[in-house]
Amino acid sequence: MLFEWKVLPSERFPVPVICVGNISVGGTGKTPFTEYLIHLLEKQYRVATLSRGYKRKTKGFVLAKTECTAQEVGDESCQIKRKFPGIIVAVDANRRRGIRRLLALPDGKRPHVILLDDAMQHRYVSPSLTIMLTEYDRLYYDDFMLPAGNLRESVHAAYRADIVVVTKCRKDIKPIQLRIIEKNMSLMANQRLYFSDIVYHKVKPLFPSKRLNSCFLSEINKNEDVLLITGIANSQPLIDRVKSHFENIHICEFPDHHSFKQSDIQQIDNRFEKMTSPTRKIICTEKDAMRLKTLNNLPDTWKSHLYYLPISVEFLFGRGDNFDARILKHVVSTINIQQKRNVKN
């Protein structure tokens, strides 16, 4: 409320700062959406991502290295740095300080665009563009604030979004359903609404040296024994997807950003040893893979059976080009405005 009353200040910065966030607790797909933006921008601009680095063991501002670990920068930042080694990945719980540190980097390393992951509630920063995500099965306007529901702040907070994206939509969604959602949101004239879905790619071996092959879920024998490990906010869409491909599926479900302890490893190993097929498989999320790979107590017997499942975002109804154009236009116009100010000064 103090920010709403302008008692506490929100700082703007001289580069495009795009916030990807939500007003609910986890599970809306912020990380794959941030990766979508990186794909879009990295060919033309020097891109940096900044997040708090949830559950990392380090403190303050940290720049991720290519061989970073989840303990150093958090699982999501570690995942992004390993997938996009050419971009800048930083973590700092104080986003304002983090942006200042990024802009203090030398010429040739200073970012042109900064992506803020999960920073919609970090009001000390005033982004140049805010993208709010809301999950199709848990739309924010049908929810309640904690502890009655999953909202971090009231439904009214959606007014701060420039773009609203409904994520994890169903493939068979009908146009009438879209119109109902759009009507219920009552967005302002300057706000834009998009719908997206999750794309599941080939499962990849976590330890490639074990001579495992990447493959689509549909290419694996449906009678295969599969152990699914999840440590994400909302694992149900993933569970449903894997269940649609296999008859013998075993699930080990953990909380979001879970730090695997010896008891967890033992629990998983007990389930794994009960699986009888010789080519049995362990499949985990890409985020969980960042934590599992660096465990010292990971059983060697897993390594020739362990895969992770990458995902990405796609827009529905051919609206991806429109979204891309809107983001690129915003970045160009923001940079141009700043260059004109620099000339005047």
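His-330 is buried in this predicted model, with a relative accessible area of 13%. Because buried means under 20% relative accessible area, 13% places His-330 in that class. Look for His-330 in helix H9, which covers residues 320-344.

Now turn to the strands. Nine of them form an open sheet, and their order is S3-S4-S2-S5-S1-S6-S7-S8-S14. The pairing in this sheet is mixed. Which strands stand at the edges? They are S3 and strand S14 (311-315). Each of these has a single partner strand, so one side of each is left without a neighbour in the sheet.

You can follow one pairing in detail. S2 and strand S4, residues 88-91, run in the parallel sense and pair over four bridges. If you find Ser-51, its bridge partner in S4 is Val-91.

**Salt bridges**

Side chains of opposite charge can pair when their charged atoms come close. In this model the count comes to 19 salt bridges. The table shows three of them.

| Pair | Distance, N to O |
|---|---|
| Glu-135 and Arg-138 | 3.2 Å |
| Lys-168 and Glu-135 | 3.7 Å |
| Arg-170 and Asp-137 | 3.0 Å |

Is Glu-135 buried or exposed? At 2% relative accessibility, Glu-135 counts as buried. Arg-138 is partly exposed, at 29%, while Lys-168 counts as buried, at 18% relative accessibility.

Arg-170 is partly exposed, with a relative accessible area of 45%, and Asp-137 counts as partly exposed at 49%. Elsewhere, salt bridges that share partners join Glu-11, Arg-96 and Arg-100 into one network.

**Backbone details to look for**

The loop between S6 and S7 also holds Pro-147. A cis peptide bond joins Leu-146 and Pro-147, with omega at about 5 degrees.

Lys-55 has a phi near 65 degrees, a positive value in a residue other than glycine. Lys-55 sits in the loop between strand S2 (47-51) and strand S3 (62-63), and it is partly exposed, with a relative accessible area of 41%. His-257 has a positive phi too, near 60 degrees, and is likewise a residue other than glycine. The place of His-257 is in the loop between strand S11 (248-253) and helix H7 (262-273). Is His-257 buried or exposed? With a relative accessible area of 7%, His-257 is buried.

**The pockets**

Rolling a probe the size of a water molecule over the atoms shows where empty space is left. The largest pocket has a volume of about 1,000 Å³. How many residues line the largest pocket? There are 44, and those nearest its centre are Gly-27, Glu-76, Ala-233, Asp-256 and Lys-287. The elements that give two or more residues to this lining are helix H1 (30-41), helix H3 (75-83), strand S8 (192-200), helix H6 (236-243) and helix H8 (286-292). By class, the lining of the largest pocket has 14 nonpolar, 16 polar and 14 charged residues.

The second largest pocket holds about 420 Å³ of space. It is lined by 20 residues, and the closest to its centre are Ser-10, Arg-123, Ser-126, Pro-127 and Arg-160. The lining of the second largest pocket has nine nonpolar, five polar and six charged residues.

Note on methods
Residues numbered from 1 in each chain as written. Predicted model: local features only at pLDDT ≥ 70, side-chain atom pairs only at ≥ 80, totals over all residues. Heavy atoms only, no water. Salt bridge = Lys/Arg side-chain N within 4 Å of Asp/Glu carboxyl O. Buried < 20%, exposed > 50% of the residue type's maximum accessible area, 1.4 Å probe, protein only. 1 Å grid on protein atoms, 1.4 Å probe; cavity = no way out; pocket = protein on both sides within 12 Å on 5 of 7 lines; lining within 4 Å. Points joined across faces, edges and corners; volume = space filled by probe spheres on them. Nonpolar A, V, L, I, M, F, W, Y, C, P; charged D, E, K, R; others polar. Pairing = 2+ DSSP bridges.
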